Amino acid sequence: MKTLSWTSLVLFVLSLVTGVLVHVAGHVWSHQVWHNLSVVHIIFNVFFLGTYITHIVRHRKWYPLVVKKFDKISNVTLLLNITSLITIFTGVALLLFADGQGTHLGLVHYIIGVTFGVFCIWHVFMRFKPFKKKRKK
């Protein structure tokens, strides 16, 4: 369990960093650099998606509670799930339909992806034991 969490955390960081670099590359570097970073970003995200799906499967008993106790669900966790689905959907759509850099869908994917990243960091922070102990006091 801990190995999956650390693997997922490392892949998340690599995904976020390469995603931001892809965005920057589209503005300041050559098309070849943008393309190479995009490929690396996709590879990291295929593996991250695998750990993410495994994480969700392990918490599958939580999802029926969303319907029963919607008002008691953490807003961060709810927004994390929503932004993750939109990020995945726009990423797949980019792979299937986008033709090169500079698309509007790419910008949407970037903005939602960064938002997803913020919620991921918040989600990890809320569950990381050293921080969890400090918040309980």
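Read along the sequence, the pattern is α-α-α-α-α-α, that is, six helices and zero strands, where helices (H or I, at least four residues) and strands (E, at least two) are DSSP runs numbered from the N terminus. This is a predicted model, in which local features need pLDDT of at least 70 and side-chain atom pairs count only at pLDDT 80 or more, while totals for chains, interfaces and linings use all residues. Residues are numbered from 1 along each chain as its sequence is written, and side-chain values use heavy atoms, with hydrogens and water left out.

Of the 137 residues of the chain, 28% count as buried, meaning under 20% relative accessible area with a 1.4 Å probe and protein chains only. The largest nonpolar core has ten residues, including L11, F48, Y52 and F116; such a core is a set of buried Ala, Val, Leu, Ile, Met, Phe, Trp, Tyr and Cys residues joined through side-chain atoms within 4.5 Å. At least two residues of this core come from each of α1 (2-28), α2 (31-58), α4 (75-97) and α5 (104-127), and α5 gives the most, with four residues. Leaving aside residues up to four places away in sequence, F48 touches S8, L11, F12 and F116, a contact being heavy atoms within 4.5 Å.

In helix α1 lies V20, which is partly exposed, with a relative accessible area of 32%, the partly exposed class lying between the buried limit and the exposed one of over 50%.
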